[in-house]
Amino acid sequence: CDTGRGKEINGEGLLGLTHGLLSAGAKRVMASLWRVNDASTAHLMKVFYERLLREPKLSPTAALRAAQIEMIQTKVWQMPYYWAAFTIQGDW
């Protein structure tokens with residue numbers, strides 16, 4: 001939860017888990033900007049990875065967008081609280 005947030009350090013900017021993973025060599029990182037519901041996150045990630053695997057030409061950002069749109073269209077998960085916290089950092 002809220003893995004996309006970090007601590008602001010003068011002269012360095014925002015440092016946190018995302019920065020550490022990118023510095024360690026990850027090409028991109030998906031992170032949440034606030035605490036999110038476990039069940040809705042599991043559903044979002046399931047749809048996200050299904051899109052990536054089924055549509056090889058789909059970029060990670062497009063797969064995230066498609067997963068978020070699917071969440072919006074689901075009555076249980078349509079509120080932004082459940083899907084809007086996620087962002088992709090790095091090479092997108």
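**View 1. Aromatic pairs of the predicted model.** Three aromatic pairs are counted in this predicted model, where rings of Phe, Tyr and Trp (its six-membered ring) pair if their centres lie within 6.5 Å, and planes under 30 degrees apart count as stacked, over 60 as edge-to-face and the rest as tilted. Phe48 and Tyr49 form an edge-to-face pair, because their ring centres are 4.9 Å apart and their planes stand at 75 degrees. Phe48 is buried at 5% relative accessibility, whereas Tyr49 is partly exposed at 48% (buried means under 20% relative accessible area, exposed over 50%, partly exposed in between; 1.4 Å probe, protein chains only).

**View 2. The aromatic cluster of Trp77, Tyr81 and Tyr82.** These three residues form one aromatic cluster. Within 5.0 Å of centre distance and with planes at 70 degrees, the rings of Tyr81 and Tyr82 make an edge-to-face pair. Tyr81 is partly exposed, with a relative accessible area of 40%.

View 3. Leu52 is partly exposed, at 23%. Leaving aside residues up to four places away in sequence, Leu52 touches Leu58, Ser59, Pro60 and Ala63 (contact means heavy atoms within 4.5 Å). The C-alpha atoms of Leu52 and Ala63 lie 6.1 Å apart, with the residues eleven apart in sequence.

**Notes.** Residues are numbered from 1 along each chain as its sequence is written. Local features of this predicted model need pLDDT of at least 70, side-chain atom pairs count only at pLDDT 80 or more, totals for chains, interfaces and linings use all residues, and side-chain values use heavy atoms, without hydrogens and water (pLDDT is the predictor's confidence in each residue, from 0 to 100).
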